[in-house]
Amino acid sequence: MPPSPSLPLAGVRILAPTQLGAGPYGLMFLADLGAEVVKVENPATGGDEARIVPPFNDPAAHDGLYFQALNRGARSVTLNLRHPDGQAILHRLVPRFDAVFNNLRGDQTAALGLDYATLGRSNPRVVCCSLSGFGRTGPRRDEPAYDYLLQAYAGFMSVTGEPDAPPTKCGISIVDFSGGILAALALMIGLYRAQRSGQGADVDVSLLDTALTMLNYMAAWSLDRGWTPVRHPDGAHQSLVPSQTFETRDGWLVIMVMKEKFWQRLVERMEVPALAEDARFRSVADRLANRAALVPILRARFRERTTAEWLERLRGHVPVAPIYTVAEALADEQVQSREMIVEVPHPVLGVLRQVGSPIKIDGVRPAYRAASALGADTARIVGEVGVEAGELTRLRAAGVV
């Protein structure tokens, strides 16, 4: 189906010196809904390093599936912000944009003149959003940071995995992706304020701060009661029992007994009514105190039937899920019904199948477009501020664009 003729973010323009994963990921959802995201890439380095991340990349085209998955809808301008002429063009462009978004190191925002103190002189309404590993302040602001490091710093790895296993990271870049989404939200809050007040601002989001907020109730328990988390077998929840993985005759399930009614339904559907009457397992607190006695009983029972048989018995009655492979997750009927797999034409890589926007708005169909080739939009964008053919030739020769 074609996109909506009028998308909710049509007219919003974001200049984006972004790279790799976190920043581009968050902006992609804004581009899907109509924002013009103009990615600023350094011609001296071949643009965003994400363009050459293997596998399934085309080095000659400076493009690949990894880059396209993160930058859908983004335009591309090559501009060397470390060159004085590059800075001059940046300041000519800023009045034509609502926001400037970067995901560089915390110290680089001011060093490259991407902060409000610098760009606000060219456009008082501009919102300057920085997404960095550690933020623009603090003793580690000038350190590089990646998702794996932040999972370690934020304590995620200490609570993930089996009790006797080494500290374990999440299999996806959960901090990068969460940080990108939070930064996109922060940017839109800044834009909302700027529209109402006429005043732009700096917006400072860090991946470490984002990850810490995701500790949430664990942080509250630790801060307020000195609680220390324990890794339980089978990825079990810290306090809700049973809420963990269980092996079936031919696979695995996850069961989440989040409410008392689900416990009653579980023992009924599993045909083990004696457990419902057992004083050791009568309440949430009882089951937590007697986890070691309850879980082996349930493990043995789950192994008696296949995953499909248990899903037939439990689905719709108890929170339950099969443990899918990636391919199975993408093929799930719920995913298909939500139109979460989309096709995006690409001039070199062919028709790309990607995960679509998770944001559903009545009457709105997102616009899905492949990310531009490196520098494909340079002439048009800089032409908006009077850079004509002769000047463009000079800038190219100097390595500015």
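Keep in mind that this is a predicted model. I start with the packing of helix α8. Its buried residues pack against α1 (22–32), β7 (127–132), α6 (147–153), α7 (174–197) and β8 (201–206). The buried residues in question are L207, L208, T210, A211, L215 and M218.

Now the helix itself. α8 covers residues 207–225, which is 19 residues, and from first C-alpha to last it reaches 26 Å, close to the 27 Å expected at 1.5 Å a residue. There is also a bend in α8, about 75° at N216. After the helix comes G226, with a positive phi near 65°.

Next, the cores. What is the residue count of the largest nonpolar core? It has 37 residues, and I14, L27, L30, F101 and L187 have the most contacts inside it. Two or more residues come from each of β1 (13–16), α1, β6 (99–102), β7, α7, β8 and α8. α7 gives the largest share, seven residues.

Take I14 from that list. Leaving aside residues up to four places away in sequence, I14 touches L27, L30, A35, E36, V37, V38, F97, A99, F101 and L187. Another core lies apart from the largest one; it has 27 residues, including L15, L81, C128 and V400.

T307 sits in helix α13, residues 307–314. Is T307 buried or exposed? Its relative accessible area is 12%, so T307 is buried, the cut-off being under 20%. The T307 side chain makes a polar contact with the side chain of T248, at 2.7 Å. Beyond four places in sequence, T307 touches T248, D250, G251, W252, L253 and P322.

The other one is S243, in strand β9, residues 243–247. S243 has 2% relative accessibility and therefore counts as buried. Which residues does S243 touch, not counting those up to four places away in sequence? They are G235, A236, H237, I255, M256 and V257. With V257 there is a polar pair: a polar atom of the S243 side chain lies 3.1 Å from the backbone nitrogen of V257. For scale, the C-alpha atoms of S243 and F56 are separated by 38 Å, and the two residues are 187 apart along the chain.

That is all I have.

Conventions
Residues are numbered from 1 along each chain as its sequence is written. This is a predicted model: local features need pLDDT of at least 70, side-chain atom pairs count only at pLDDT 80 or more; totals for chains, interfaces and linings use all residues. Side-chain values use heavy atoms; hydrogens and water are left out. Helices (H or I, at least four residues) and strands (E, at least two) are DSSP runs, numbered from the N terminus. The expected span of a helix is 1.5 Å times one less than its number of residues. The bend at a residue is the angle between axes fitted to the seven residues ending there and the seven starting there. Buried means under 20% relative accessible area, exposed over 50%, partly exposed in between (1.4 Å probe, protein chains only). Contact means heavy atoms within 4.5 Å. A nonpolar core is a set of buried Ala, Val, Leu, Ile, Met, Phe, Trp, Tyr and Cys residues joined through side-chain atoms within 4.5 Å. A polar contact is a pair of N or O atoms within 3.5 Å; within protein, one must be able to donate a hydrogen and the other to accept it, and residues adjacent in sequence count only if both atoms are side-chain atoms.
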